[in-house]
There are 2 protein chains.
Amino acid sequence: MTQMIKARAGKITEEMEMVALNEGFTPEFIRAGVACGKIVIPKNKFRKRSKICGIGGGLDVKVNGLMGTSGDRDDMEMEVKKLKIIEEAGAHGFMDLSMGEDIDTMRTLSLTNSNIAAGCVPVYQAAKEAAEKRGLMVNMTSDDLFEVIEKQCQAGMDFMAVHSALNMDLLKILKKTGRVADVVSRGGSLLTGWMFHNDKENPLYAEFDRLLEILKATDTVLSIGDAIRPGANADSLDQAHLRGLMVAGELTKRALEAGVQVMVEGPGHVPLNHIPTAMLLQKRLCFEVPYYILGFLATDVAPGYDNISGSIGGAFAGMHGADFLCYLTPAEHLGLPNEEDVRIGVETTRIAANAANVLKRGGFAWNRDLAMSKARVARNQEDQVKNAINQANLVAAFAAQKPSHGCSVCQDSKCPADVAAEFFGLS
Amino acid sequence: MTQMIKARAGKITEEMEMVALNEGFTPEFIRAGVACGKIVIPKNKFRKRSKICGIGGGLDVKVNGLMGTSGDRDDMEMEVKKLKIIEEAGAHGFMDLSMGEDIDTMRTLSLTNSNIAAGCVPVYQAAKEAAEKRGLMVNMTSDDLFEVIEKQCQAGMDFMAVHSALNMDLLKILKKTGRVADVVSRGGSLLTGWMFHNDKENPLYAEFDRLLEILKATDTVLSIGDAIRPGANADSLDQAHLRGLMVAGELTKRALEAGVQVMVEGPGHVPLNHIPTAMLLQKRLCFEVPYYILGFLATDVAPGYDNISGSIGGAFAGMHGADFLCYLTPAEHLGLPNEEDVRIGVETTRIAANAANVLKRGGFAWNRDLAMSKARVARNQEDQVKNAINQANLVAAFAAQKPSHGCSVCQDSKCPADVAAEFFGLS
């Protein structure tokens, strides 16, 4: 039974209680959110772990990290290191995007070396194995694909990006209306190629009920992959973007009816003035289920700093209801991220999430911001470190600091800042 | 005669023509903006330089960098290096915040080693010299202060942060209403101490007409310093913040009447949901003159990443009308920035400015984003580099790149991405 089905039966699970505690809500509030689909709790029934988080429905915005082997760099040890950094830096979930030689072993390592929600993109493994087994990726069968999905669910995956919201109809419309960057999703492009080569409907769309049955058996959260997400500011809120949301909405309804926990994935590149509309339409068309975004990248021209473009768009999207932010590292658009990129990616994205979370005046994030400000006024280094997102930076800075008010004008004479502090009763 | 007085007389100056060309407006549009005060063009009549920018009134959001010696690190050579990096990285202005031993020589070096708008904060030098000359900073006289201002204007300063919008009334209200971090501005805290110690009104407020005469003589843009800016999210839009804007508005009106170009400085720490109101009120209360912001920092808890907190708030503020973004470096709240911090600070802040500038669909920034996206689709490395904010990152990444589509699934066989590209007519 999925968390959603339990919630609908009025049952408050241990996971719901943990989420309630973490977020400062009553367990009943969480149960009601899970029952109607506004909140998901990614937790595969076969996977044991203690860090549980809820996503969506007014809870704090959460952060996701990415790792995984590839043909270009197939180093499982490095990926385990990255995974540990992702968790240490404070991400709530990760996705293993492996396409290297031994994807099964990498997945086992990922699941055993982490204590946060684990996600994956099954079409990667299916495509790779089809290329090996059948000579060409486009020779992949529908059964190949569903077998991989089932294997990954049974292995313990808590959530899974499945590109179901892509169909022939959508691709034909996209061709007719045109855009700058047609398909930037890797999984989306694999499936688009498959569909055209075979002149067949996307199996993940055509056999959606089959998918739901598999996910339901392990309570793996369906993350409806955004195969035709805008990959350029110029494509945001175009016809393909909106039609993609509509197909996602149609499938979301079916997942909700089946009692399968579901969230919807989104762009990608979205300029700041589109964000309120993009968020509103996703929530409206997809029955208020959680929105999981990659970005939003607020500008296209910042390779090397896409963690920053992404945090600008992510924070603003979080303010307008985005629930789960997939990190971007400085390596985005440049190459494969290393361990340092991964750490920066999580920390940057946590700042974006925090900028949205502090808007709940009186909430945990707000109180933490307040505690930091008070510690600064009181020159209390210990409390500053305690409240910093990246504590290591601050510890190092304090260690290197000379005793100074930062202006050194007055040396040992009466400092005007102290005169002012006296007036305000702070000295 | 100031640019504003010339504009009011119907004269289109060479500087206005340059701004018009850079921004894609007619010279007459710029003239009208300068005449009414919505646009400022920082350009001291005694300083020769060729890079001219306009700030405000619907022009692109601009970026400012900071440098300067201090008692803790008094290395003029290093500061010149930082200044060159600031300009190379694409800032439109800089401020020399020196408080080291030989401020006059540093200023000369700053002015001769740069070709962008130069700003300063005269109370720093005045305070330092008073401490030397009169034993204590609080023994500074009003004449000491105005003599420094005049010296700096005559030396060629294009704009100047003067903390005139601080008066006794405001400080008493601040004491009565209270906030988390009373005075976080360094100049504000120096003046607050001076006012209480001497039980006298702030000379920069009391003798505002004297200030205007000095600025007018060299057409130095007055930047009304925000001495009591919110320095914590918890203080944003509090009574002191709003009253500070009101005093700034009162003085703005007087500057406009005197024909002195003027902009208003702002926070500091402002949470995302306050930004539209903070921007609207500044524009409303200060007669639509340009708003120059430090941040806005969207969250307080990110020391080491405050360039990112600042770019989140800065981008959103730019969307709502902020005109000039003062950079934040990763060293903010930690210590003095080094050359690398300075470079990152400018580049980060340019991303924030760009995120706001792309909202003008069809404008220069939008077209650059579009060109980047098209170059990505076409795998045109040369055009990607041309349009990147930080070109060095991209050049290095391309040099290190193996020939690959980034997934390496198909090796030499037919790539699904190519199949898809064929369908969309891109191959």
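**Close-ups of a predicted model**

**View 1. A residue pair across two strands of chain A.** In this predicted model, A:Ile224 sits opposite A:Val264, a residue of strand E8(A). The two strands to look for here are E7 (residues 221-224) and E8 (residues 262-266) of chain A, which pair in the parallel sense over three bridges.

**View 2. The barrel of chain A.** Step back from that pair and you'll find eight strands of chain A closing into a barrel, in the order E3-E4-E5-E6-E7-E8-E9-E10. The pairing is parallel. Ignoring direction, neighbouring strands of this sheet are turned by 25° against each other on average.

**View 3. Helices H6 and H7 of chain A crossing.** Here's H6 (residues 122-134) of chain A meeting H7(A), with axes that come within 9 Å and cross at roughly 130°. The crossing of H6(A) and H7(A) is right-handed. On the H6(A) side, the contact is made by A:Pro122, A:Val123, A:Gln125, A:Ala126, A:Glu129, A:Ala130, A:Lys133 and A:Arg134. H7(A) brings A:Asp144, A:Leu145, A:Val148, A:Ile149, A:Lys151 and A:Gln152. Sorted by class, that makes seven nonpolar, two polar and five charged residues in the contact of H6(A) with H7(A).

**View 4. A closer look at A:Gln152.** This glutamine belongs to helix H7 (residues 142-155) of chain A. Is A:Gln152 buried or exposed? Its relative accessibility is 3%, and because buried means under 20%, A:Gln152 counts as buried. Leaving out residues up to four places away in sequence, A:Gln152 touches A:Arg107, A:Cys120, A:Val121, A:Pro122, A:Gln125, A:Met157 and A:Met160.

**View 5. Helix H3 of chain B and what covers it.** Over in chain B, helix H3 (residues 27-36) has B:Ile30, B:Arg31, B:Gly33, B:Val34 and B:Ala35 buried. The cover over these buried residues includes helix H1 (3-8), helix H2 (14-23) and strand E1 (39-40) of chain B. Just after H3(B), check the backbone at B:Gly37, where phi is positive, at about 95°.

**View 6. B:Asp75 in its loop.** This aspartate lies in the loop between strand E3 (62-67) and helix H4 (76-88) of chain B. With 33% relative accessibility, B:Asp75 counts as partly exposed. How far apart are the C-alpha atoms of B:Asp75 and B:Glu101? They are separated by 9.7 Å, with the two residues 26 residues apart along the chain.

Methods:
Residues numbered from 1 in each chain as written. Chains lettered and ligands numbered in written order. Predicted model: local features only at pLDDT ≥ 70, side-chain atom pairs only at ≥ 80, totals over all residues. Heavy atoms only, no water. Pairing = 2+ DSSP bridges. Helix = DSSP H or I, 4+ residues; strand = E, 2+ residues; numbered from the N terminus. Axes fitted to C-alpha atoms, helices over the stretch in contact; angles between N-to-C directions. Buried < 20%, exposed > 50% of the residue type's maximum accessible area, 1.4 Å probe, protein only. Contact = heavy atoms within 4.5 Å. Left-handed = near helix turned anticlockwise from the far one by under 90°. Nonpolar A, V, L, I, M, F, W, Y, C, P; charged D, E, K, R; others polar.
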